[in-house]
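Let's take a friendly walk through a protein model. Have a look at the picture first, and then we will go through it step by step.

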Amino acid sequence: MNDLLTRYNYDSFMPEKFEPWMNFESSPKTGTSAPDFPLWNLDQSSTRLSEIWSQYDYTIVEFGSFT
Amino acid sequence: MNAIADRYAAHNIGSIFLYTHEAHPGENYPHLTTMEQKFRHARDLRDVLGVTRPILADALDGACHRAYGSMPNMTWIFARSGLIVYKSDWTDAHSVENAIQYFAQIPQRRKAGERLAPFHVERLDYRNQEREQFYKSLERNGSKAVEEFRKAFPAG
């Protein structure tokens, strides 16, 4: 795996590994346009974040994982 | 969060879970190395933890997650135009429902003829830390996850 994949998918919950990713303060501001990205359904078909938010008046997106 | 999705679906409010990376990797759910593994963990989120909202996976390098600040369990709300209307560095169902109750009225207010202009609000919300439940979830990941969290946050 390349360096970014390895660092992003850190193998241990250690401050030097997880803290560099916690960048909420520099994330996009409310009132601005949301960045769009490709995403994948669980059947591995592809979609985009914009395809989802454009279907509803408002869309709630929770980010997270099993762990 | 599942209940909020159900309660507001009829108000044309969408709700998804976006699978990122393993925040607390353990023996049972180790760090991700392939998309196949990511889909497998995401299916367990649905089948084991009972997330009923549509689950979508980010790229393996977390391109979307990183662009939004890569916090481990944050929630954002987008308007149909793609405008960011809410962002929270942690997911708290009370906070999200409070926000969506407000936003769900906006289309009707516009239809009723109100001329609405956006403005910014800053607010500090509070969440229940639910320590006992959190440690149970760490144990599910594997003892490595528990040990590493205790080491990183000895007072936790």
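Chain A has a radius of gyration of 15 Å, whereas a compact globule of 67 residues would have one near 11 Å. That radius is taken over C-alpha atoms, and the globule rule is 2.2 Å times the number of residues to the power 0.38. Along its principal axes, the C-alpha trace of chain A spans about 40 × 30 × 20 Å. Of the 67 residues in chain A, 25% are buried (20 or more other C-beta atoms, placed from the backbone, lie within 10 Å of the residue's own).

This is a predicted model, where local features need pLDDT of at least 70, side-chain atom pairs count only at pLDDT 80 or more, and totals for chains, interfaces and linings use all residues. Residues are numbered from 1 along each chain as its sequence is written, while chains are lettered from A and ligands numbered from 1 in the order in which they are written.

Now follow the backbone. Chain A has 3 helices and 3 strands (DSSP runs, numbered from the N terminus: H or I of at least four residues for helices, E of at least two for strands). From the N terminus on, their order is α-α-β-β-α-β.

Next, where do the chains meet? The contact takes 50 residues from chain A and 71 residues from chain B, with two residues in contact if their C-beta atoms, placed from the backbone, lie within 7 Å. On the side of chain A that touches chain B, β3(A) gives the most, with 7 residues. β3(A) is also joined by 7 bridges to strand β1 (residues 13-19) of chain B, and the two run parallel. Within this pairing (at least two DSSP bridges between strands), A:Thr59 stands opposite B:Gly14 in β1(B).

Technical notes
A residue is buried if 20 or more other C-beta atoms lie within 10 Å of its own, exposed if 12 or fewer, and partly exposed in between; C-beta atoms are placed from the backbone.
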